[in-house]
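Biologist: I'd like to go through the side-chain contacts in this one. Can we start with the terms?

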Amino acid sequence: MLTWGAAPRRALASATGAHAGAAGGRTWRALSFLVALPAVGVCMLNVWLEQRRHQRVPPKFVPYHHLRIRTKPFPWGDGNHTLFHNPHTNPLPTGYEK
């Protein structure tokens, strides 16, 4: 019987026992160090080896009239380069820098 002021007790759906949380945490910690970190290392090695094998050549520059429109200069540098400009990947309105 419920009385005023006494709330009914409800168990959480994921609570299975008193010591289940410690074993679950140990399992995920072991999986993180033994599976996830080596997998990230293998992926990094794969990317590095592929990058060394295939050197990137920029595509031929096509001066489309609707791209790279400069209505006013940027407030830094010479006003033509973006803030994070990379001369190998970002062309200017006139083409790639040599």
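Modeller: Buried means under 20% relative accessible area, exposed means over 50%, and partly exposed is in between (1.4 Å probe, protein chains only). This is a predicted model, where local features need pLDDT of at least 70 and side-chain atom pairs count only at pLDDT 80 or more, while totals for chains, interfaces and linings use all residues. Residues are numbered from 1 along each chain as its sequence is written, and side-chain values use heavy atoms, with hydrogens and water left out.

Biologist: How many salt bridges in the whole structure?

Modeller: The search finds one, counting a side-chain nitrogen of Lys or Arg within 4 Å of a carboxyl oxygen of Asp or Glu. R53 and E50 form it, at 2.4 Å from N to O.

Biologist: Where do R53 and E50 sit in helix α1?

Modeller: They are three residues apart there, so about one helical turn separates them. Helices are DSSP runs of H or I with at least four residues, strands are runs of E with at least two, and both are numbered from the N terminus.

Biologist: Is R53 buried or exposed?

Modeller: R53 is exposed, because its relative accessibility is 56%. E50 is partly exposed at 32%.

Biologist: New topic. How many aromatic pairs?

Modeller: Two. Rings of Phe, Tyr and Trp (its six-membered ring) pair if their centres lie within 6.5 Å; planes under 30 degrees apart are stacked, over 60 edge-to-face, the rest tilted. F61 and Y96 are edge-to-face, because their planes are at 80 degrees, with centres 6.2 Å apart.

Biologist: And which pair is stacked?

Modeller: F74 and W76, with 5.3 Å between centres and 15 degrees between planes.
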